[in-house]
Amino acid sequence: MNLLYLTIIVPLLTFLILVCFGRHIRSINVMIIGISTMLVITLITIFSCIDFISNIVPDMSLVYTRPLWNWFSVGDFIVPISLTLDGLSLIFLVLISFFGFLIYFFAACYLTSSKDIYNFYAYSNLLIASILTVILVDNLFVMLIGWEGVSISTYLLIGIYYQQARNGYAAVKAFIMMHLTDIFLILGIFLLYQTVETLNIRDVLTQAHDNLAVDSDIIFWITLMLFLGAMSKSALFPMHSWFAQTTLAPMPAVALLQSSTVILAGVYLVLRLSNLFMMSNDVLAIISIMSSLTILFASTIALVQYDIKRIITYINLAQISYIFYAFSTQNWSLSLNYLINYAVTSTLLILASSILIRKCQGERDISKLGGLIKSFPMLYSVFLFIMISLSAMPWISSSFYIKGDIILGLMAQDKLISGTIGLLGILLSSLNIWRLISIVFYHKQKQSDFAKTKWISYLPIFILLIFPTALFIYFPLPIRGIIPIAELDTNGQLLFQLLLAAVTGLSFLIAYILYARPNSEVQEVLNTPMIKFFLRLCSSDWRYDYLLHTLFVKPYVYLANLLKKDPLILWDNWILWGIRKVNEFIVDLENGQIRWYMLSMVIGSITILMLLIFI
């Protein structure tokens with residue numbers, strides 16, 4: 001664990017090397033540098049795990065701290081830079097290194113353009129260094145460095161194809177959306193420091209527990225600001241817009257952004273400060289509401305998409321919400337287990353879709369594909385495994401147990417609306433993946449020219465395939481003493497599992513009727529005015545972008561045009577005009593008549609006398 005700082009230094013150095021000299025390095029050497037970077041991080045992670053396990057004491061939490069230096073100090077305010085490794089940060093370190101290494105390896109097999117290779121590995125190294133800074137530092141102020149690095153890296157990865165104007169606009173939009181909520185995070189950190197006079201995470205939690213009241217106003221505002229800061233990184237509604245823009249990045253970058261880096265930043269912040277969030281029931285209720293809206297929003301939009309990248313993006317967006325559902329029930333350990341399940345499933349979905357797009361000569365419109373089950377049986381089997389996880393296949397997939405426990409926890413806390421939406425989210429996710437599989441693999445074949453892909457590109461997929469199964473329901477996580485571990489009420493669990501199995505079965509039946517064997521009666525229902533209106537609303541992303549444009553962009557453009565004309569000059573012109581008019585009036589009084597001057601002096605004297613008497 002003494003080499004822990006290298007997990008940040010190595011990717012940062014390789015980022016600088018690739019940025020400065022990458023254009024003059026051969027593509028194969030750039031790949032070697034990128035993969036070697038992740039290999040070093042993975043090896044350090046393995047050694048850290050071995051060291052951590054060998055030093056752990058039963059019924060005690062091991063916390064390793066490595067002080068580096070003091071960044072700056074202002075009076076009594078000192079900001080030290082030190083790295084901390086405990087059970088929670090070790091879990092995130094393993095996730096980032098494991099999935100990062102698989103995605104880096106897949107990118108070496110997938111990317112062909114030398115410019116794409118150079119850009120991907122350079123910007124991804126910066127992203128890895130930034131997210132590891134967020135995970136490993138023990139000071140909230142220092143965490144902001146990594147937090148901003150994640151935003152910049154996301155901007156760079158989305159804008160890899162910046163020659164196309166829409167890609168540049170998408171990158172800027174993602175950057176702005178992320179920074180809008182970063183303001184709330186900074187406000188939350190300021191409120192914390194003003195309240196507990198420290199930004200060391202462990203001291204913050206201790207001081208808050210000892211000195212602050214549960215559900216007090218200050219706790220509400222602190223946790224609300226922190227949650228709003230985490231919303232954008234976790235892509236919760238309404239700060240999800242950047243997540244949809246990731247579709248313009250190369251597929252390995254999409255996998256990195258959506259499954260194993262950026263999403264982890266917001267989740268880690270809430271988990272690390274879980275003891276603080278437990279003190280505000282109102283904020284936990286807000287988290288539940290935002291999660292429900294995200295599931296409804298993303299799942300319904302995915303139902304009408306035809307672009308493969310947009311379909312998988314909105315499917316993943318809906319799955320993220322279950323992590324925050326677990327937060328709202330204060331079942332923090334369950335959220336970690338689901339986070340692992342989400343990372344596996346989303347990475348599998350993105351990598352399998354990448355191979356599908358490559359095989360179909362870059363075609364992403366599923367309406368132009370079909371009948372691929374005979375041509376690509378292996379890829380079809382991979383999508384079936386993904387379907388098993390997304391649809392929570394009863395007693396076969398790990399998501400059946402984990403999602404079931406999350407929704408059961410919502411029901412047990414009388415959050416019936418959220419629990420119902422959670423069940424609906426499983427049904428819609430199942431419909432979305434079945435729609436993709438049916439149209440691409442079962443419908444009439446429309447394309448006959450296919451590209452070849454390297455067999456080795458399937459290797460990361462084969463490694464991940466076993467994890468969504470019920471063999472890996474709950475991982476033994478070293479989090480005792482770090483985050484609260486809730487005891488799940490198992491009363492009625494079997495009945496609820498039967499209900500969940502019925503929901504999954506219903507989704508299969510609806511998918512068969514809608515996508516496998518559509519008939520005239522189904523088409524008549526789909527052509528009713530209400531259904532057509534709903535489909536148009538979903539196709540336009542719930543008119544969310546139009547709403548943003550109306551409420552924020554138009555007023556901003558209006559103010560910009562107004563300031564472009566410099567309204568202060570207009571105000572100055574009015575002042576000058578008034579002075580000129582007064583001057584003209586005074587000049588007219590200078591008419592050379594002595595009696596007028598004497599009258600003016602008398603009137604002035606009387607006025608001054610009256611002022612002296614009455615004031």
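Ser 457 sits in the loop between α18 and α19 (459-464). Helices here are DSSP runs of H or I with at least four residues, strands are runs of E with at least two, and both are numbered from the N terminus. This is a predicted model, in which local features need pLDDT of at least 70, side-chain atom pairs count only at pLDDT 80 or more, and totals for chains, interfaces and linings use all residues. Residues are numbered from 1 along each chain as its sequence is written, and side-chain values use heavy atoms, with hydrogens and water left out.

Is Ser 457 buried or exposed? Ser 457 is buried, at a relative accessible area of 5%. Buried means under 20% relative accessible area, exposed means over 50%, and partly exposed is in between, with a 1.4 Å probe and protein chains only. Not counting residues up to four places away in sequence, Ser 457 touches Phe 106, Cys 109 and Ile 355; contact means heavy atoms within 4.5 Å.

Next, helix α18, residues 416-442. Its 27 residues should span 39 Å at 1.5 Å a residue, and the end C-alpha atoms are 37 Å apart, which agrees. The expected span is 1.5 Å times one less than the number of residues. Of the 27 residues in α18, 22 are buried.

Now the core. The largest nonpolar core has 200 residues, and Phe 92, Tyr 121, Leu 276, Phe 324 and Phe 383 touch the most other members. Helix α15 (residues 332-359) gives the most to this core, with 17 residues. Such a core is a set of buried Ala, Val, Leu, Ile, Met, Phe, Trp, Tyr and Cys residues joined through side-chain atoms within 4.5 Å. Leaving aside neighbours within four places in sequence, the contacts of Phe 383 include Leu 349, Leu 356, Ile 433 and Phe 441.

Helix α4 (residues 114-136) and helix α10 (residues 251-260) pack at about 5 degrees, with axes 11 Å apart. Axes are lines fitted to C-alpha atoms, for helices over the stretch in contact, and angles run from 0 to 180 degrees between N-to-C directions. The two are therefore roughly parallel, a label for angles under 35 degrees. Phe 120, Ser 124 and Leu 127 in α4 meet Pro 252, Ala 253, Leu 256 and Leu 257 in α10.

Finally, the totals. The protein has 25 helices and two strands, and 52% of its 615 residues are buried.

Definitions and conventions:
Angles under 35 degrees count as roughly parallel, over 145 as roughly antiparallel, 65 to 115 as roughly perpendicular and the rest as oblique.
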